[in-house]
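Welcome! Take a moment to look over the sequence and the structure, and then we will walk through a few spots together.

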Amino acid sequence: MARRIDKAKDPVSISYYLDTRRKKQNGMYPVKIRVYDGITKKVRLYSTDFDLDEKTFDRIKFPEKGRRLREEEKSIKSDLDELLIFYKEKLKLLQIFTFDSFEESLIVKTGEKANTFFQYETYVKELKEYERIATASSYDLSMRSLKSFLKSRSGKVPSKLLFQEITVKFLNDYESWMVNIQGKSQTTVGIYMRGLRVIFNRAIDQKIIDRDIYPFGRKKYEIPSSTRKKKALNGDQLKLLFNSIPKTKEQQKARDFWFFSFACNGINMKDIIHLKWKNINGEFIEFIREKTKKTKKANSKTIQVPLTEFAKSVIKKYSTDSKNPENYIFPFLKKEMSAEEKYLVNKKFIRFVNQHLKIMANANGITGEISSYWARHSFATSAIRNDASMEFVGESLGHSDVKTTQLYFAGFEDDTKKDILGKITDFMH
């Protein structure tokens, strides 16, 4: 039903609304924008990025007199109020209201596409649709960091950051804030900046902005390279940890899966929990890394891992009963889980391994922030120390070319590189 809007007595009302019809997996309810047409008595709800419990929602929407909101609640209220203003401004521009015309007015215009935050949100949504949850989380953190930086300057949570505002000086100031105020490492700075650079390149490819304003590159802002060294256990430490006696069943499990990773070409924990019975082919495990399944479809490499007696014992000890080819070998994931749920299970499992293995390692005199990834690095260094070629190591790790392996090798600590180089050039002495 179409009719002209009476500006004096507007029959259309807009408010934010807690949709309590179905609780989400996080135990909260989605906050939506409620548009009510008083003429037709019809309501439509529009999604937002917020989930709240009933008590928090009531505190934000109906603040008690004299009771102050917490900082997080203030931020949410500010964002929701800005969203309401946006919807109401769109409504004011309509001469004739229908839900169809109103929704058409919500379609993003070119100017809004030049908002960096909108491009971040669009890409995060796209990544989630492709079930690349970890990558989506990284870009979301990059965007949140930028918002925190701007809030530190203005005192308000920003809703917009235009591409043309991101200059070389802006990026240098942002890096300085991250390092000196937030205490972030150069590795984190690099991760967030590379995310922002991708957002810039996407906007350029879509002809939303001109390349002339691109702030990255030589004689502009150069993203710091990672300073994180690849840690690995030497042969004596590996033997000590393997032969040590776990004090708890959690330590036993963490040690078993750490050494399963080591014994299976440094397979990472995500790939371990995603292994299915169909990945076992005779005396080998054959799989494609989860990391490359969606990002390098045309160049996905099948990694073939010989099954050692130790690897077989871990499978026998922890595997599921059903050996249906489509079932997971280990009982961490379920078929019906969403990509987000699988991502959280993976994070929880890695945290479990890291926590209990570190306790066990420290009790046996192996100090440091030992983690699940040390198994991968330890495999690579052990292989090269035992005369394995760079090509063999690259193939075992699933690298697409030898250059990746060379870069991977370059990240090891100096003592490790000296040891390996000494082994390689032993014939020269």
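Predicted model: local features only at pLDDT ≥ 70, side-chain atom pairs only at ≥ 80, totals over all residues.

Which residues meet where α6 and α14 touch? From α6 come I133, A134 and S137, and from α14 come A339, E340 and Y343. Sorted by class, this contact of α6 with α14 has 4 nonpolar, 1 polar and 1 charged residues.

## A buried arginine

Now find R59, which sits in helix α1 (residues 54-61). Is R59 buried or exposed? Its relative accessible area is 13%, and buried means under 20%, so R59 is buried.

Leaving out residues up to four places away in sequence, R59 touches R67, R68, L69, R70 and E73.

## An enclosed space

Let's turn to empty space inside the model. Rolling a probe the size of a water molecule over the atoms shows where empty space is left. How many cavities of 30 Å³ or more are there? The count comes to 1, and the largest cavity has a volume of about 30 Å³.

To find the largest cavity, look for its lining residues: C264, N265, G266, I267, N268, D271, F287, R289, I303, R376, S396 and L397. By class, this lining has 5 nonpolar, 4 polar and 3 charged residues.

Note on methods:
Residues numbered from 1 in each chain as written. Heavy atoms only, no water. Helix = DSSP H or I, 4+ residues; strand = E, 2+ residues; numbered from the N terminus. Buried < 20%, exposed > 50% of the residue type's maximum accessible area, 1.4 Å probe, protein only. Contact = heavy atoms within 4.5 Å. 1 Å grid on protein atoms, 1.4 Å probe; cavity = no way out; pocket = protein on both sides within 12 Å on 5 of 7 lines; lining within 4 Å. Points joined across faces, edges and corners; volume = space filled by probe spheres on them. Nonpolar A, V, L, I, M, F, W, Y, C, P; charged D, E, K, R; others polar.
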